[in-house]
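Please examine the sequence and the structure before working through each solution.

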Amino acid sequence: MKVIDVRGKKCPMPLVETKKALKVTDKNEAIKVILDSENSVKNVTRYLEDNNIHVSKQQSGGTFELLFKRAGSEPVIEEAESYCTSSEQTNDSFIIVFGKDRLGEGSDDLGNMLVGGMLTTLVETERTPDKIIFINSGINLVINDSPVLSLLKKLEDRGCELLSCGTCLDYFDKMENLEVGRVSNMLEILEAMTSYSKVINI
Amino acid sequence: MDIDLLKLIDQGGCSAKLSATELNKALADLPKITHKNLLVNIDTHDDAGVYKIRDDYALVQTTDFFPPVCSGAYDYGQVAAANALSDVYAMGGQVLTALNILMFPPDLPMSILKDIIRGGQEKVVEAGGLIVGGHTITNDIPVYGMAVTGWVHPDKIITNDQARPGDILILTKPLGTGVIISAKKNNSVDEDTYRAAIDYMKQLNMQAAAIMAKYEIRSATDITGFGLLGHALKMALGSKVSIKINATDVPSIQNVMELIETGFIPGAGFRNLEFVEDQCDFSNQVPYNTKMLLADAQTSGGILMAVAREKAASILDELKDVGYASTAVVGEVMQQEKKPVIIV
């Protein structure tokens, strides 16, 4: 694996170094980029994803690690021993899509409670989805009066990306109330849903 | 004393402009103040405000300021002034007066301050205007710009919401200043390319405004922080039309495409693309690097004007004659389609 450390480098040097690494590295060899600027993480990730390269992201404190390989869209799985600082080690990444703010059909109250139960279990079992996407009434989970904010924040701290559908926030007039994660668009949401082999729809 | 002003800025290539998405969100609830004499307000995100004094006289008012975009103090003053004055020209006006706005670190030599102000002053003189004062405070990094007042005949205001289907789009300066500045910050650009960018940024849009007045052009905008795509989008939305951009016809400063390929894409480029992409229809033929060029944030960029088809050729010739050597036809205005901006 090729490791490039761009901590302390100013934007857009992390992208320049990443592109340089992509050019000289064998297409099947994994590349790890270590960064300390959230902005650069965003831009480098965006660049790679725009070019159909799947990126796995890890964060511990203010340090971010991006893992990918030139060959393609499959996530890179790192061997455990070379990644002992990681708080999680799943062999299969997955994403969750909340198309509503509750689990199952029948009783809405029960459904709301079950969402809390499910997220608590996720946190406790240390299973972190790469992304959780919130669509339609699903956005009720990420706005300021959501009962599961602290659970989502915990997942976010572990590197899970929380993406809310911007059109949905607009529709419910809740753009101002978004409390965790960030606003996304259909293009990014579709790309996430199509690039993962495991998408859990709620 | 030689101090590279670019080395004073910490934020690297991620430009100083606040994200348009965030800005729109934050200000959405504030009441809109209107007035019968206010001819152009912030609704259409135009370049400057226009306030009518008499039936034949309106004031054009605008301000712009930013941290250093180049290494030399005099160059910085010239570029910041040309950039601030540009909004008046984009509205079809002429410059009357300007006020300096300066933030300056107390530990830098005063000769630098003088060179910045001198650069700005000479540009205002070139524009036929007067500097009538200003204000200076201390700050960790230099920030310079101007508040500019110009005038325009109310019937001859050029806005970004009057583009008509069938119009041809002309761009007067090549793109790529954002890319070159970010490469310069990292000592990764040759002197020739850097000087070319500085010269384009210093070049006033005054002659372009004169030509627009001569040909009675009604719709134009200057290309600055939101990139060609961002400003084209504002024009398309304001005019209720779709704008088609022929990506291969869009001029770029020398070596810019190579720098983008190397990775010198400032954060502002990504932000701009994020802001516009939902409303853009990119053909598959448009390469990724070209997309980034079209989204590149410009400092003191050129004018994008919508001109009647039959006049396009003579306008193009005249713009080239007066010194806008890279002027090009970059697209056309169409009836409203599914997306406001179409890039082929």
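Two exercises with worked solutions follow.

This is a predicted model, in which local features need pLDDT of at least 70, side-chain atom pairs count only at pLDDT 80 or more, and totals for chains, interfaces and linings use all residues. Residues are numbered from 1 along each chain as its sequence is written, chains are lettered from A and ligands numbered from 1 in the order in which they are written, and side-chain values use heavy atoms, with hydrogens and water left out.

**Exercise 1.** Determine in what order the 4 strands of the open sheet in chain A are arranged, and which strands stand at the edges.

Step 1. Strands (E, at least two residues) are DSSP runs, numbered from the N terminus, and two of them pair if DSSP finds at least two bridges between them.

Step 2. The order in chain A is β1-β2-β4-β3, with mixed pairing.

Step 3. β1 (2-5) and β3 (56-60) of chain A each have a single partner strand, so one side of each lacks a neighbour in the sheet.

Step 4. β1(A) and β2 (residues 30-35) of chain A run parallel and are joined by 4 bridges; A:I4 stands opposite A:V33 in β2(A).

**Exercise 2.** Identify which cysteines the disulfide joins, and state its handedness.

Step 1. A disulfide is a pair of cysteine sulfur atoms within 2.5 Å. The search of the whole structure finds 1 over all chains.

Step 2. The disulfide joins A:C165 to A:C168, with an S to S distance of 2.2 Å.

Step 3. The torsion about the S-S bond of A:C165 and A:C168 is about 85°, so the disulfide is right-handed.

Step 4. A:C165 counts as buried (under 20% relative accessible area, where exposed is over 50% and partly exposed in between, with a 1.4 Å probe and protein chains only), at 4% relative accessibility.
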